Amino acid sequence: MSNSWIKGKMPEFVRDTFRDFCLAGSALEEQFETFDRERSVSFEVLDDLIGTKMNKGLLWRLKDTAHLLFRNEEGDPLSGRFLDWGMGYIFHEAFKLREDAYQNLNYAPLFSNLRGKDTTLPESVIGQDFVQVVEQTEESMEREISRIRFIIARCRKLFPIYLRKHKDNALLGRLLFSQNHLIHEVFREEYEILIDTIYEDEPEMLYVLAARSLRLGGWMEKAVEAVEHAHKLNPKKLKVLQEKEIVDNWTKTVKV
């Protein structure tokens with residue numbers, strides 16, 4: 001890949017990396033909560049999230065996009081280097097978790113059934129050692145989940161710092177607006193910190209940029225909605241008024 005192509009794609013890489021982090025965080029936490037309740041996770045879900053080299057899943061694509069973004073960015077920000085490592089770490093820990101989930105799915109029931117067999121047989125006595133190893137799989141899963149949760153939590157603190165330098169990225173603004181429920185779900189009580197850190201004393205710019213991106217993409221009704229949010233936050237700001245004038249003129253033409 002040429003450097004010029006990568007540089008031209010940077011706004012998309014920023015958007016895609018943050019979006020896929022949120023999607024992966026939501027999907028993984030759902031599995032982790034299942035483990036908290038039932039001491040198991042779905043091998044099929046993890047297998048789909050990871051995929052294969054020829055058919056990459058969400059986590060694999062996230063890792064690859066993160067490498068393209070953070071390893072080719074000008075200035076080489078420290079937050080980006082840590083995030084790059086974090087995305088890779090989440091992927092590899094999930095890879096191990098998938099293998100443990102497979103073991104738990106296929107072998108734990110087998111050894112559980114064998115446990116009730118005649119324990120006086122020599123092979124049965126030896127087999128009990130296998131049972132102990134299988135039981136340790138659950139402990140491994142718990143450690144892997146704990147590590148992934150820890151890294152995701154630290155990435156939630158790093159992303160606002162990193163994204164602050166990308167506050168003019170219209171694709172990012174559109175994502176924050178359009179996928180607000182998802183981002184709220186992942187960042188929870190840290191959501192306000194995320195927005196405040198990125199846009200500082202200009203929170204209305206999130207919606208101005210979202211409206212601009214939506215409008216250029218032909219999603220005019222959504223652009224109108226975004227402008228309304230911006231106008232409520234800062235009705236006197238010039239950029240808000242300029243964007244509002246554009247969508248208001250469109251609304252008038254539609255009604256005619």
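**Reading pockets and charge pairs**

Me: The lining of the largest pocket divides into 3 nonpolar, 2 polar and 7 charged residues. How should I read a pocket to begin with, and what volume does the largest pocket have?

Reply: Start with the general idea. Rolling a probe the size of a water molecule over the atoms shows where empty space is left. Now the case here. This is a predicted model. Its largest pocket has a volume of about 220 Å³.

Me: Which residues line the largest pocket?

Reply: Glu29, Glu30, Glu33, Arg149, Arg156, Glu185 and Arg188 belong to the lining. So do Gly25, Ser26, Phe32, Ile152 and Val186.

Me: On to charge pairs. What makes a salt bridge, and how many salt bridges are there?

Reply: The test is distance: a side-chain nitrogen of Lys or Arg must lie within 4 Å of a carboxyl oxygen of Asp or Glu. The count by this rule is 26 salt bridges. Take Glu12 and Lys9: their side chains meet at 3.5 Å, N to O, so the pair passes the 4 Å cut-off.

Me: Which salt bridge links distant parts of the chain?

Reply: Look at Glu243 and Arg215, whose side chains meet at 2.6 Å, N to O. Glu243 sits in helix α13 (residues 238–255) and Arg215 in helix α11 (residues 204–216), so the partners are 28 residues apart. Glu243 is buried, because its relative accessible area is 3%.

Me: Which residues do shared partners join into one network?

Reply: Salt bridges with shared partners join Arg15, Asp16, Arg19 and Asp20. Within this group, the side chains of Arg15 and Asp16 meet at 2.5 Å, N to O. Asp16 is buried, at 16% relative accessibility.

Me: Last, the cysteines. How many disulfides does a search of the whole structure find?

Reply: The test again is distance: two cysteine sulfur atoms within 2.5 Å. The search finds 0 disulfides. Check Cys22 and Cys155 for burial as well. Cys22 is buried at 1% relative accessibility, and Cys155 is buried at 2%.

Conventions. Residues are numbered from 1 along each chain as its sequence is written. This is a predicted model: local features need pLDDT of at least 70, side-chain atom pairs count only at pLDDT 80 or more; totals for chains, interfaces and linings use all residues. Side-chain values use heavy atoms; hydrogens and water are left out. Buried means under 20% relative accessible area, exposed over 50%, partly exposed in between (1.4 Å probe, protein chains only). Helices (H or I, at least four residues) and strands (E, at least two) are DSSP runs, numbered from the N terminus. On a 1 Å grid over the protein atoms alone, a cavity is a set of points where a 1.4 Å probe fits but cannot get out, and a pocket is an open set with protein on both sides within 12 Å along at least five of seven lines; lining residues have an atom within 4 Å of a point. Grid points are joined across faces, edges and corners, and a volume is the space filled by probe spheres set on the points. Ala, Val, Leu, Ile, Met, Phe, Trp, Tyr, Cys and Pro count as nonpolar, Asp, Glu, Lys and Arg as charged, and the others, Gly among them, as polar.
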